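Trainee: I am new to this structure and would like to go through it by question and answer. May we begin once it is in view?

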Amino acid sequence: MLVAFALYCRLPFGRLHHRNPDVVRLAESIGRTPSALAMKLTNIASLDPAITSTGRTGLTGASAADRAMWEEMLQDWERFAVESQRAMDAVQVSATPDVEPAQPETAYPVGEDRESRTTARIGQRFFRAAVMSAYDGRCCVTGLSVASLLVAGHIVPWSHDERNRTNPRNGLLLTVLHERAFDAGIFTLDDGLAVRVSRKYAASEDRYFGESIGRYEGRVIRLPRKFGPNREFLAYHRAHIFQG
């Protein structure tokens, strides 16, 4: 179950099928058929409000154990990231490059021990993979799909909320430029998930700024297939980070 949940978090919704090489490889590692694992993945999808709210239902065979693990995952994303990675390691399964590209490491507070740093690194990799899969590997503002130029950015900054550092609903997939701009409060998202550029910068005569950021004012982002951005996190960003 941990392995299946880990794969669900790492794969886009449209790739939860028995012909996907990642599903085939993982199914062989755990002694299941690709069809059985694909069925488990779509049962998990039926528990995801981001899936069901759009009319997609997955299958309807989610068990009580599936529901319990879903709730556990939502309550403690960091623990889930660590435990699911251990489960993947136990069956000697590693993520493929297109599912989990490299992510720059975050600076850790001075004095953290090796175990804490290892946990944080696992959490970062999980967060990156989950956000990448939610947005199908495309920047939610520009649509860019070059993985090396994309960052899984936090809505509530990493340093502001320890509990939600690995929560994919606290993430947006953005280009390096747009992630830095969002982190600096140059733009935010309103409740309708439309881009709002700070008035401090909106009137900028810098041509590149206008073409790369200003032009997106009022545009709704590319909506994720799962793990949609949490409205409370967006409200926090508008109140505490946005330079509006």
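Trainee: In which segment is Gln243 found?
Mentor: This is a predicted model, in which local features need pLDDT of at least 70 and side-chain atom pairs count only at pLDDT 80 or more, while totals for chains, interfaces and linings use all residues. Residues are numbered from 1 along each chain as its sequence is written, and side-chain values use heavy atoms, leaving out hydrogens and water. Helices are DSSP runs (H or I, at least four residues), as are strands (E, at least two), numbered from the N terminus. On that numbering, Gln243 is found in the segment after helix H11 (231-240).

Trainee: Is Gln243 buried, partly exposed or exposed?
Mentor: Buried means under 20% relative accessible area, exposed means over 50%, and partly exposed lies in between (1.4 Å probe, protein chains only). The relative accessible area of Gln243 is 29%, so Gln243 is partly exposed.

Trainee: With which side chain does the side chain of Gln243 make a polar contact?
Mentor: Contact means heavy atoms within 4.5 Å; not counting residues up to four places away in sequence, Gln243 touches Ala184, Gly185, Ser198, Lys200 and Tyr201. A polar contact is a pair of N or O atoms within 3.5 Å; within protein, one must be able to donate a hydrogen and the other to accept it, and residues adjacent in sequence count only if both atoms are side-chain atoms. At 3.1 Å, the partner of the Gln243 side chain is the side chain of Lys200.

Trainee: Where does Leu193 lie, and is it buried or exposed?
Mentor: Leu193 lies in the loop between strand E3 (187-189) and strand E4 (195-197). Its phi is near 65 degrees, a positive value in a residue other than glycine. With a relative accessible area of 7%, Leu193 is buried.

Trainee: What is the relative accessible area of Phe227?
Mentor: Phe227 is found in the loop between helix H10 (207-212) and H11. Phi of Phe227 is near 50 degrees, a positive value in a residue other than glycine. Phe227 is buried, and its relative accessible area is 3%.

Trainee: How many helices and strands does the protein chain have?
Mentor: The protein chain has 244 residues, of which 49% count as buried. Among its contacts between residues at least 6 apart in sequence, 67% join residues at least 24 apart. Its secondary structure comes to 11 helices and 4 strands.
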